[in-house]
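Please take the model below one piece at a time.

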Amino acid sequence: MRPAFGQYVPISSPVHSLDARTKMLIALGFTVALFLLGSLAGLAVAAVAVIACIRVARVPYRVALRGVRAVALILAVTLIAHALRWGSAPLPLLRIGPLTVDGRGLLEGVFFAGRIVLLVVGTSLVTLTTTPVDIADGLERLMSPLKILRIPVEDLAMMLTIALRFIPTTATEAERVVLAQRARGARFDSGGPIRRTRAYVPVLVPLFVNLFRRAEELSTAMEARGYRGGPGRTRLRESRMRTVDWVVLSLFVAALAALAMVL
Amino acid sequence: MGLTAENVTYVYDAGTAFAVPALTDADVRVEAGRLTLIVGPSGSGKSTLLALLGGLISPTSGRVLVDGLETPGALHGVVGLVFQDPESQLFADTVRDDVAFGPKNLGAPDTEIPARVEESLEAVGLSSAAFGSRSPFTLSGGEARRVAIAGVLAMRPRYLLLDEPTAGLDADGREAVRTILGEMKGRTGIAVVTHDPEEFLPLADEVVAIANGRVAGTLLAEEFQRDASLLAGLGVGLPDIVRAQLLALERTSARVPLAFDPEAAAAALIAMRDATR
Amino acid sequence: MAGPSARAQAEAAVFGVSSSQMIEFRDTSFSYPSPDGSRLALSGVSLSLSPGETVAVLGRNGSGKSTLAKLSDALLLPSAGQVLVDDMDTRDQAKTWDIRARVGIVFQNPDNQIVGTSVEEDAAFGPENLGLPREEIRRRVDEALAAVGLAGMERREPHTLSEGQKQRLAVAGVLALRPAYIVADEPTALLDHDSRAAVVAILVEQARRGVGVVHVTHDPAQALAADRVVVLERGQLAFSGAPEALFADDALLTALGLQPPPLVRLAAALRARGADVPVVPSNVEGLVAALWG
């Protein structure tokens, strides 16, 4: 079965063996940094960093860049919105009727679009190199200080685990319902946007009904196996921050600091 | 005439690195007035075959013909497909609305639709007065399944393909489905995919065995000395009645046509035993 | 017949251990609240299950089979009467979690029981809930996965498993609790022939190891192998006894809307032709052997 966008790639690499927390913290730091930098030079550095990570993670470029297709529309809109101007422009490159392609605007568009690409690809590296188990686990451990604020961290982590567990299952179910309705003559590809949206009612209603039924059965099964909420549960898997994790995190922070001063 | 798959092959994600052959060189024929059982272990390609026969997917090679034409039968209502767990696809406010969905999509005239709905509900043994205005989500498993089947029958298909139509039902529910199929058989060509042939053997005219994406054999209900042992080697769930006869065959050189029902099987077994005495 | 329960009681008498090791339904009733008053799902059912015993529960949809299963694990509490698990009353809230560690339930839909993102994570769910130390959880997970034939698939994600494998995983999740009793509520209804046989074989093996098994099923053929058969009809106990007694009684079967398993019908047809074969043969091989004498 073809893996979906962002789905875990089961190979081994230095990135795969890092603790989930390390990767998530770096992704977080990377995201913040992306939004703080303001120049194309900075973007270029970020791009080099992402490419380097993809290489070290031994993930095929084709797989790593799959996310770009998903946001292609947003990228196009961003580019066009920045690059095209009505009437005259500070740095005209091309005229298309009443519209002008502005050189500076184009650069701006490239910057913003490029940032989106790096954001998508950079953060997807986390899900590509970390199993859902470890993601949920890592998040729970990262959030555990929040327990002081009476936030039900363990329950939230359980919710995340269940959500991750059922994403592929629900996707398959949706496909099947679509197929069944098509077999009854439903068309999903014709008519205007309103018609197309309404065409999905025969798909969404059964999915939601099943969702509620599943929730009831699943929660019954969980209680039958002794689940009574988060606190007090032990864990099968152990994840410990190793030296390499601390080293990588420190290097990352150092790099950020250095770049902040330079750029 | 008939709904035929001619030498069809289907490969998922064909041409990519993830290509997986699901069905290879399959020949199957569904004819009006006959019920064909398609049996095989799960993952053998049965459901793919059904989707191909229905025209929901196109074969990677080979062709599917509906009464001699290469058209996607299901999309024109000529071939009705009842998937596994069909009640999980019910969505409308009332049973009548749900059953009307198919004919409406096919462009049946509005004046005709209520009649079709009544006709289909009757065909599945549900009283329109009692069930018509109810929400599909308040029905029992067996009732919901019958409404789902009615929704397909309302399109008046010439061929009916069902995937595990009795899975998850209790004895009454299964009996109801068998009755529906028995009644539809006259006018409609029916193919039932099942991993439990026992249930439908009395209704079947023909059994097609599929394993590992290939048709491993086709048996006619009347004669199959040689072919029956073919079934045995497939790991298909053989009905106890057939297994008993196959075991008896090992003890005797007598050759008696195998039977699917207890009475005829008993006669066959006695005959085989007496031949060794 | 002198079964495991008699022996257990004898041992208990000698060693002075509590002899009430069983799941016991004492005149149990249960009503579901419904828009028009309440619906009586179970009415005055009395029944017991001892370790090592296998009881098959047959009945139509709506006969109360699933209600019975949930009552055994304190997932539902009786409206009247009692449900006792090893002397613990399910109504006693302090004992709920002990009861749930003692009784494992396997449900019909494989997907709706699996909560973990990998096979081993899901099998570990029960022991994690019990707060067991890591090494113990690991031990139990490995043991449970081996018992259901999923060893070596620890890291697989549930959606990549077949229905049969998923259901076996659900059973593993229950086995990891090391329950004294397993209640399986139509566990094979949605499975194909081979998977069905695999799950039944696991239940048989557990019973052999001394676990009390309740197998709720609507397939009479699966009841053939049980020590006892119980038939529910409209929430009431319509029959309780040996499978042979039930399947030999045509009138009773018809009244209860049950069909004898095909093997039994074949045996009856053979007996009608003068063959000396058991009324209720235990399997195909036995029947053919008996026919040849």
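Strand S3 of chain B, residues 35–39, is mostly covered: five of its five residues are buried. Buried here means 20 or more other C-beta atoms within 10 Å of the residue's own; exposed means 12 or fewer, partly exposed lies in between, and C-beta atoms are placed from the backbone. Strands (E, at least two residues) and helices (H or I, at least four) are DSSP runs, numbered from the N terminus. This is a predicted model: local features need pLDDT of at least 70, and side-chain atom pairs count only at pLDDT 80 or more, while totals for chains, interfaces and linings use all residues. Residues are numbered from 1 along each chain as its sequence is written, and chains are lettered from A and ligands numbered from 1 in the order in which they are written.

Which way do the residues of S3(B) point? Leu35(B), Leu37(B) and Val39(B) point one way, and Thr36(B) and Ile38(B) the other. S3(B) runs parallel to strand S7 (residues 189–194) of chain B, joined by five bridges. Strands count as paired if DSSP finds at least two bridges between them. Within this pair, Leu37(B) stands opposite Val192(B). S3(B) also runs parallel to strand S8 (residues 206–211) of chain B, here with four bridges. Val39(B) has Ala209(B) in S8(B) as its bridge partner.

Now turn to another sheet. Three strands of chain B form an open, antiparallel sheet in the order S2-S1-S4. Its edge strands are S2 (20–30) and S4 (61–66) of chain B, each pairing on one side only. From one strand to the next, the twist averages 20°. Strand S1 (residues 3–12) of chain B is joined to S4(B) by five bridges. In S4(B), Ser61(B) stands opposite Thr9(B). Helix H1 (residues 46–54) of chain B packs on this sheet and touches S1, S2 and S4 of chain B. Its direction makes about 120° with that of S1(B). Axes are lines fitted to C-alpha atoms, for helices over the stretch in contact, and angles run from 0 to 180 degrees between N-to-C directions.

Of the 277 residues, 47% are buried. Chain B is divided into domain 1 (1–74 + 160–166 + 189–223), domain 2 (79–156) and domain 3 (239–277). These bounds come from an automatic or database domain assignment. The centres of domains 1 and 3 of chain B, taken over C-alpha atoms, are 30 Å apart.

How does chain A meet its neighbours? Residues are in contact if their C-beta atoms, placed from the backbone, lie within 7 Å. In chain A, 28 residues are in contact with 34 residues of chain C. Helices H7 (132–143), H8 (153–182) and H10 (201–224) of chain A each give two or more residues to this side. H10(A) gives the largest share, eight residues. The contact between chains A and B takes 18 residues from chain A and 21 from chain B. On this side, H8 and H10 of chain A each supply at least two residues.

Technical notes
Two residues are in contact if their C-beta atoms, placed from the backbone, lie within 7 Å.
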